[in-house]
Amino acid sequence: MSKNKNIFLIKLKRRLEALWVFIKLLLKNKLTGIAFITIVLLTVTAIFAPWISPYPDQGQGQVNLEEKFQPPSTKHIFGTDELGRDILSRVIFGTRISLVISTITIVLALVIALPLGLLAGYHGGMVDEIIMRITDVFLSFPPLMIAIVIASFLGPSLTNAVIAIAVAWWPWYTRIIRAQVMSIREKPFVKASNCIGTNKWVILLSHILPNTISPVIIQASMDMGGVILTAASLSFIGLGAQAPTPEWGLIISTARTYIIDAWWYSAFPGLMIFITVLSFNLLGDGFREVFDPRTRVR
Amino acid sequence: MNSKDNVLEIKDLKVDAHTVMGTAELLNIKHLEIKTGEIFGIIGESGAGKSLLALTILGLLPKNVYVKNGQILYKGEDLLKKSQEELSQRIRGKGITMIFQDPMASLNPVFTVYDQVSQVISRHNPGLSKKQLYDRVIEMLELVKLSDPENTMKKYPHELSGGMRQRVLISMALSAKADLLISDEATRALDVTIQAGILKLLEELAEKLGLSTLFISSNMALASTVCQRLGILYAGEVLEIGRVEEIIRNPRHVYTRSFLSSLPTVEKKGKPLPIIKGIYPDPLNKAKGCIFADRCPDYSAECSQNKPTYHEVIPGHFLACIKEEKHKPSSDNDMD
Amino acid sequence: MDWGEINLKNEVILEAVGLKKYFPIETGFLKKSIEYVHAIDTVNIKVNKGEALGIVGESGCGKSTLAQVLVNIYSPTEGKIFFEGVDVSPKAARNSLGFKKNIQMVFQDPFWSLNPRKMVRDIIMEPLKVHRIVEYECFDTEIERLMDMVGIGKKRMFSYPHEFSGGERQRIAIARALAARPKLVILDEPTSSIDTLSQAEILNLLIELRDEFNLSYILISHDLSVVHFLSDRLAVMYLGKIVEIGKTETVFNLMYHPYTQALMKAIPLISSNGTVQNIEALEGNVPSAINPPKGCRFHTRCYKCQEICRNKEPELREFEDGHFAACHFANQS
């Protein structure tokens with residue numbers, strides 16, 4: 001059995017090498033590099049929010065009325081809000097929420113989309129027809145609208161917002177996966193597996209599935225931004241996170257009232273949304289460039 | 001050598017590329033000329049730099065690729081000294097036109113053949129009346145032997161077959177009064193019977209109108225049916241240039257000989273084909289001496305010391321090999 | 001080294017009778033199929049044991065479809081296929097692992113013929129696993145043996161396809177095909193996307209392997225010199241039909257069918273003494289396979305065309321021993 005372990009280790013080493021080459025290629029583009037670092041920083045911020053933020057209690061909602069509406073200063077870099085909470089801390093905790101909900105939403109959407117897309121693309125025929133017509137129904141409305149309808153039906157809460165957005169999002173992935181499966185299905189290596197006599201489910205899972213991943217990763221990283229925006233929008237209109245959750249959209253929604261007197265209140269959360277969404281989009285672009293097998297160097 | 005007869009002349013051209021791994025030497029061409037009205041073939045395997053040569057001539061190099069030194073003289077003018085603007089206004093698609101393997105990529109899918117050809121004609125002959133323009137389009141389409149031009153010109157590119165599309169592109173080149181056509185594997189995707197027609201057309205245009213063609217191909221047999229002279233390109237360097245008959249009957253460079261002997265011709269059936277061992281040179285670290293030295297069966301130490309000089313062995317036949325003297329012209333029989 | 005005359009036993013390994021493959025064109029809301037692409041239309045062929053049958057023709061003539069029907073990637077619309085005398089036309093027979101093991105295929109495209117996300121070891125292992133060719137413990141020795149056989153260093157077992165050149169990838173594809181220990185290998189344009197020097201190596205390899213394992217080949221190509229080099233018999237296809245079939249030499253020398261003549265004349269060939277054949281073009285385009293011409297399918301482009309050609313479809317007739325052509329005026333010039 002030590003031989004098997006050995007092979008496993010060699011394979012793992014080769015995979016890691018490939019990953020390293022991939023990351024090097026990805027970072028070759030400066031913009032992608034900056035986006036990548038930004039996202040890493042955001043992730044670190046999200047994970048260590050309680051330790052990084054200057055006022056972790058306020059970040060999570062503790063009120064400090066003595067210091068309300070302080071403009072940015074050395075004490076409160078991003079200023080404070082109407083309840084005297086440090087906006088920097090709020091925004092740092094907000095990062096956590098935004099990243100978590102967007103990740104969960106996309107994973108959830110993929111959990112629905114992956115089997116349906118694989119089945120539709122590989123099986124074709126009636127199954128394909130039915131799945132595609134259902135996605136058509138969803139795709140004929142703007143995702144935000146679907147999310148609003150579902151969220152207001154389920155009742156306003158962060159969990160329901162995640163469910164609502166995932167439901168609005170899965171048809172897009174189903175379509176992408178299906179299209180990719182249909183193109184991979186016709187590739188000679190799949191035909192060769194057919195000739196060999198490999199079981200069709202094995203072909204689907206070991207040959208087709210790994211080759212459908214790259215467009216999904218591109219789309220998912222592009223969508224991270226979109227999902228964050230949608231979640232913020234839901235919170236903004238009151239269908240998502242509820243006070244005192246430090247959700248970016250919710251903060252901006254509250255700040256809207258004070259926009260003339262306290263510009264910093266809405267500006268900094270807005271800036272964070274902007275930076276995050278932009279970074280994910282740039283990263284998606286970078287993925288697209290690197291995943292194209294023709295641009296790969298030997 | 002009278003340079004007036006040359007539509008294109010390349011001197012000491014070196015093209016390099018910046019890559020993550022370092023500088024890659026992509027092209028190193030000592031001298032190459034295309035005479036007026038001639039079909040000149042460039043033969044090479046993939047990675048030889050055939051397409052890159054075409055792009056260099058047209059000034060369409062990718063971002064990280066640059067010309068290190070040299071001259072590309074088009075009718076006496078150095079193209080490398082021209083600005084991109086000048087190239088696109090006077091040279092590309094006008095004097096020098098290129099056709100590719102995929103003609104669809106060069107045709108606009110939303111315009112008919114008539115629209116596209118007439119546009120080129122009116123740009124070069126402003127002030128033609130509608131009727132004159134119409135007649136000229138028909139004339140141009142007849143020139144490239146498109147059957148039934150009146151009907152064909154009403155069609156959109158996707159309604160044409162591959163061969164017809166290439167013909168339309170050639171007619172556009174002619175309408176623009178191009179005198180040098182670069183064909184980059186333009187017949188590769190076509191069926192053989194259709195391909196033969198395009199080759200015939202190129203021959204005829206060269207004869208009738210004096211259109212010169214740079215015929216880029218990896219297929220020696222194909223190029224030798226249509227070209228007058230051939231250049232053998234290996235890893236960015238021209239190893240041998242000469243008249244077709246000389247090249248295929250008396251190949252003087254070992255690479256040319258190996259290339260020819262590895263073709264599965266009719267007589268070679270039943271015997272293993274001779275094989276040249278080794279791999280294609282890496283443009284990132286090219287050999288100092290002869291570029292073919294590490295695969296050459298006649299290798300000796302002097303080969304890897306200095307670059308072989310590019311010299312004329314018989315009138316019009318150039319070669320880059322130190323040991324050429326040792327191969328008597330009759331040595332072509334060793335491939336049977 | 002001289003391979004000499006190939007020893008031909010007249011044992012039929014594969015036979016197709018009246019094979020047809022029509023692809024429906026789905027139109028309209030309910031996807032009703034009104035029209036069909038007649039990709040292959042009533043094809044009869046035989047492949048003998050240890051023999052290489054070449055199939056030539058232009059794009060759209062149905063040669064690739066024929067290959068894919070024979071290896072069961074497509075099921076035939078009509079007709080029967082016999083493998084070693086056993087009728088394998090029923091779906092169950094064709095899908096059985098026992099049958100699939102016998103016929104393997106090598107594809108043209110060296111880029112996509114190997115899964116880009118798998119290492120060479122896993123690629124070659126697939127047939128071993130499916131058909132239990134050797135015991136699990138011996139997989140690695142077997143993979144090493146196969147890689148050695150096609151001339152790929154076993155050190156590169158854990159490399160990905162993109163780390164190989166086109167010629168090397170084609171060798172890996174050959175190793176994968178041979179791993180199942182098939183009796184018949186179908187080669188679909190095996191060298192048309194690779195360089196001349198690699199092509200020579202692959203051709204040598206294919207001949208060596210055939211002699212070693214007494215393999216039968218069906219070679220599909222538009223490159224006549226490759227087909228001539230590899231195959232013992234040659235079939236010429238036009239618009240879904242075989243128009244001429246016989247010993248390779250006979251087809252090359254006699255050319256009974258006008259289409260064969262046109263094809264041979266259009267292909268640039270260099271002979272060893274350095275003469276270049278003058279090429280001639282064939283006028284006109286290949287007609288649509290949706291509505292193939294009535295009568296002889298070649299009549300629209302044929303210089304011999306007469307009234308009978310437009311109305312009556314010529315049958316394959318035997319002219320020499322084992323040499324057939326489908327033309328009303330085959331032996332008149």
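What share of the contacts in chain A with a separation of 6 or more comes from residues 24 or more positions apart? The answer is 68%. Keep in mind that you're looking at a predicted model.

**Chain A as a whole**
- Chain A has 12 helices and zero strands.
- Follow the sequence along and you just read α over and over: α-α-α-α-α-α-α-α-α-α-α-α.
- Picture a box of roughly 75 × 45 × 35 Å, laid along the principal axes, and you have the space that the C-alpha atoms of chain A fill.
- Chain A runs to 298 residues, and 43% of them count as buried.

**Where chain B meets chain C**
- On one side of this meeting there are 36 residues of chain B, and they are in contact with 34 residues of chain C.
- Three helices of chain B give two or more residues each to the side that touches chain C: H7 (192-209), H8 (220-226) and H9 (244-249).
- Which element gives the most to that side of chain B? It's H7(B), with six residues.
- Sort the residues on the side of chain B that touches chain C by type, and you get 16 nonpolar, 10 polar and 10 charged.

**A cis bond in chain A**
- Take a look at the step from A:Ala243 to A:Pro244, where the peptide bond is cis, with omega near 5°.
- To find A:Pro244, go to the loop of chain A between helix H10 (200-236) and helix H11 (248-255).

- B:Ala235 isn't a glycine, yet its phi is positive, near 50°.
- Is B:Ala235 buried or exposed? There are 23 other C-beta atoms within 10 Å, and the cut-off for buried is 20 or more, so B:Ala235 is buried.
- Over in chain C, Thr42 is another residue other than glycine with a positive phi, and for C:Thr42 the value is near 55°.
- C:Thr42 has its place in a strand, namely E2 (residues 32-48) of chain C.

Methods:
Residues numbered from 1 in each chain as written. Chains lettered and ligands numbered in written order. Predicted model: local features only at pLDDT ≥ 70, side-chain atom pairs only at ≥ 80, totals over all residues. Helix = DSSP H or I, 4+ residues; strand = E, 2+ residues; numbered from the N terminus. Buried ≥ 20, exposed ≤ 12 C-beta atoms within 10 Å, placed from the backbone. Contact = placed C-beta atoms within 7 Å. Nonpolar A, V, L, I, M, F, W, Y, C, P; charged D, E, K, R; others polar.
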